[in-house]
Amino acid sequence: MHPTAREDTKDHTADTTDTAGACGAPGADTLTGRLEQLPLSAPVDALARADALDSVTGPLRDAVHALPLGTVRDLLRGRWLGHPLHPLLVQVPMGAWLSAGVLDLLPGTERAGRVLVGTGVLAALPAALAGWTDWADTRPEQQRTGVVHAAANSLAVGLYAASFVARLRGRRWRGRALGYAGMTAASVGGMIGGHLAYRQAVGVNKAEPVPHVVPEGWHRLGSVSDFPVGEPSRFLLGEVPLLVVREPDEAGGRVRVLADRCSHQSGALSGGRVADGCVTCPLHGSVFRLADGANVGGPATAPQPVFETRTADDGGLEVRLP
Ligand code: FES
């Protein structure tokens with residue numbers, strides 16, 4: 001006899017309860033289990049929901065956008081590098097400060113420690129500027145977490161600057177204590193930075209999965225005449241949204257197809273503006289060349305996946321990834 005729907009639901013609930021302890025319950029007797037019980041990730045997760053921070057992030061974001069950085073802004077974003085520059089620049093102050101912390105444990109290293117602390121303070125400035133330029137073009141949740149990351153790192157810079165001054169004045173122990181306090185603040189900032197990058201995916205190429213989820217071979221999108229000329233339109237190929245732009249005949253009449261979700265923060269390029277052979281993302285203004293997906297402007301550091309296109313004998317539009 002088959003169970004009724006009600007009995008079936010009851011049985012499944014009971015099964016879930018019975019097995020809940022076996023699935024994902026941290027074992028307090030293992031190192032991983034103990035680490036999982038530390039209250040580390042929940043408070044950092046909560047920052048993204050702390051909308052009280054918006055009264056700070058809004059004016060700061062506008063101030064960063066208003067900085068007269070010119071072409072330096074693009075340099076700091078890392079488009080030339082293919083990924084954000086900020087994580088690379090951070091290595092210098094963190095390496096210098098960590099080295100100073102080790103030397104501070106050894107005798108006769110006062111001068112080297114002072115030089116390393118000062119080097120770290122100077123190197124933190126371009127690293128911070130690169131971080132701020134990235135931060136200004138992120139989503140509100142990321143900006144809330146990011147501003148706390150920046151506050152912790154700013155505290156670290158202040159403590160290390162005070163440490164440097166104390167060392168210059170020959171106040172060795174004070175300089176060391178301030179240095180270790182700075183390292184503590186920088187570690188908190190680093191942990192939140194890791195959360196930003198790996199949990200909240202700031203700086204990650206959002207278009208990277210496209211080649212892994214589009215099946216190989218040619219795919220038919222419909223008839224070429226279904227797509228408007230000179231206007232961006234959106235087509236769903238399986239689970240992957242595509243941007244389709246049909247060029248006017250006088251511009252060659254080709255059909256350009258890119259992945260629709262912007263590599264920067266997943267903005268829909270089909271909602272953007274098409275002009276001069278490029279599409280501009282409506283979210284933060286990244287500009288992608290339709291012919292090859294190259295990112296030629298804005299905060300995106302990765303190009304956009306581009307599809308090959310062909311027209312079948314019956315006028316059908318077909319696409320495939322190269
Ligand atoms: S989502 Fe930020 S520029 Fe496209």
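In the predicted model described here, the end C-alpha atoms of residues 147–166 lie 28 Å apart, and this span is 100% helix and 0% strand, where helices (H or I, at least four residues) and strands (E, at least two) are DSSP runs numbered from the N terminus. Residues are numbered from 1 along each chain as its sequence is written. Because the model is predicted, local features need pLDDT of at least 70 and side-chain atom pairs count only at pLDDT 80 or more, while totals for chains, interfaces and linings use all residues.

The span 147–166 is one of those that UniProt, in an unreviewed entry, lists as "transmembrane region", together with residues 115–135 and 178–198; UniProt positions are given in the numbering used here, feature names are shortened, and annotations may be inferred rather than shown by experiment. Over residues 178–198 the end C-alpha atoms are separated by 30 Å, and the chain there is likewise 100% helix and 0% strand.

Helix α8 (residues 140–168) meets helix α4 (residues 54–66), the two axes coming within 10 Å and crossing at roughly 95°; axes are lines fitted to C-alpha atoms, for helices over the stretch in contact, and angles run from 0 to 180 degrees between N-to-C directions. The two helices α4 and α8 are therefore roughly perpendicular to each other, a term that applies to angles of 65 to 115 degrees, whereas angles under 35 count as roughly parallel, those over 145 as roughly antiparallel and the rest as oblique. On the α4 side the contact comprises D54, V56, T57, L60 and R61, which meet P140, Q143, R144 and V147 in α8; residues are in contact if their C-beta atoms, placed from the backbone, lie within 7 Å. By class, this contact of α4 with α8 has 4 nonpolar, 2 polar and 3 charged residues, with Ala, Val, Leu, Ile, Met, Phe, Trp, Tyr, Cys and Pro counted as nonpolar, Asp, Glu, Lys and Arg as charged, and the others, Gly among them, as polar.

The chain is divided into domain 1 (41–199) and domain 2 (210–320), with bounds that come from an automatic or database domain assignment. The C-alpha centres of domain 1 and domain 2 lie 38 Å apart, and 9 residues of domain 1 are in contact with 6 residues of domain 2. The side of domain 1 that touches domain 2 has 1 nonpolar, 4 polar and 4 charged residues.

Residues 219–318 carry the UniProt annotation "domain: Rieske", again from an unreviewed entry; this span is 0% helix and 44% strand, and its end C-alpha atoms lie 5 Å apart. An open sheet of 6 strands has the order β1-β10-β9-β4-β3-β2 with antiparallel pairing, two strands being paired if DSSP finds at least two bridges between them. Strands β1 (219–223) and β2 (232–237) stand at the edges, each with a single partner strand, so one side of each is left without a neighbour in the sheet. Within this sheet, β9 (residues 306–311) and β10 (residues 316–320) run antiparallel and are joined by 4 bridges, with E308 opposite R320 in β10.

Strand β5 pairs with β6 (residues 278–280) in the antiparallel sense over 3 bridges, and R273 stands opposite T280 in β6.

Methods: Contact = placed C-beta atoms within 7 Å.
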